[in-house]
Amino acid sequence: MSLQMSTARTIARRVAANVATNGDSPAAPFAHDFDFFGGAEQLIDYPGTEVIIAGPYETGKTIAALHKLHTLLWTTKNARGLMVRKTYKSLLPSAVVTYEHKVLPIPPGHPDCPVMVFGGSRPDWYDYPNGARLVLGGMDNADKFLSAEFDFIYVNQAEEIDVDDWEKLTGRATGRAGNTEHPQIIGDCNPSHPYHWILEREPPFQQFCRSGGTSWPFRVPLPPSGTGHPRPRKTRRARRCCA
Ligand SMILES: Nc1ncnc2c1ncn2[C@@H]1O[C@H](COP(=O)(O)OP(=O)(O)OP(=O)(O)O)[C@@H](O)[C@H]1O
Ligand SMILES: [Mg+2]
């Protein structure tokens, strides 16, 4: 395990030091005290405006991105956040489940959860105790939220959207929301073909972190073969990107 790993307990301090405007806020509470290292740690520490983490399935990309998003919202008063995927329908069973059950300290809806959910089983947004709000959306219904300005945007499975959509989103997190001096758009993705726009937008346009190859930040152990458990697919495309 890397000596550089950082636990969830230290993330709030590090994110605050790098990008949040009011770093004296109490540390964000989390469901688990995960360790983060490699590409996940780079993603969390990155202070610039665009960052994407790419890598094979089940390597902790979404967990890392959501820990960062949750920390930014927790520590930035009145912040406006957006969690978005190509479709709202696909966001619900994926990143929203991870956010509610593996990132928030208690699932929202429980009276002890400090983050309140609005919209029930098809949530529209979450409110934080400091006035911050996290809106959910899908690019299939982008008119609903693209007239607003955001401080922080998280794009789940960014390889599904095209570069025009990515640029529409970056145009909504330019600093005009006014609650942070460090607006960010964070994406995670499973790599697609080698000419995908994400690969072509490598630095200086954005930081590109890899959750695979020789710097696995985290990898779920494969269940023994023959047990009937699904094994994460490691595709040719994923290997190519993460080599
Ligand atoms: N740093 C970590 N420490 C311990 N467990 C972790 C860590 N990160 C992720 N996990 C576990 O691994 C599972 C998969 O993580 P996650 O959903 O973030 O992977 P992913 O790379 O986004 O996968 P996919 O490509 O399928 O979207 C999580 O549900 C969580 O239980
Ligand atoms: Mg994921």
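**View 1. Gly-81 of strand 4 and its partner in strand 8.** In this predicted model, Gly-81 stands opposite Phe-152 of strand 8. Strand 4 and strand 8 (residues 152-155) run parallel and are joined by four bridges; strands pair if DSSP finds at least two bridges between them. Helices (H or I, at least four residues) and strands (E, at least two) are DSSP runs, numbered from the N terminus.

**View 2. Strand 4 beside strand 7.** Six bridges link strand 4 to strand 7 (residues 133-138), again in the parallel sense. Arg-80 has Arg-133 as its bridge partner in strand 7.

**View 3. Burial of strand 4.** Six of the six residues of strand 4 (residues 80-85) are buried, so the strand is largely enclosed by the rest of the structure. Buried means that 20 or more other C-beta atoms, placed from the backbone, lie within 10 Å of the residue's own. One face carries Arg-80, Leu-82 and Val-84, the other Gly-81, Met-83 and Arg-85, and all are buried.

**View 4. The shell around ligand 1.** Among the 16 residues around ligand 1, the nearest are Phe-34, Gly-60, Lys-61, Thr-62 and Ile-63; a residue is near if its C-beta atom, placed from the backbone, lies within 6 Å of the molecule. Strand 2 (35-36), helix 3 (61-75) and helix 4 (88-103) each contribute at least two shell residues. Helix 3 gives the most, with three.

**Notes.** Residues are numbered from 1 along each chain as its sequence is written, and chains are lettered from A and ligands numbered from 1 in the order in which they are written. Local features need pLDDT of at least 70, side-chain atom pairs count only at pLDDT 80 or more, and totals for chains, interfaces and linings use all residues.

Methods. A residue is buried if 20 or more other C-beta atoms lie within 10 Å of its own, exposed if 12 or fewer, and partly exposed in between; C-beta atoms are placed from the backbone.
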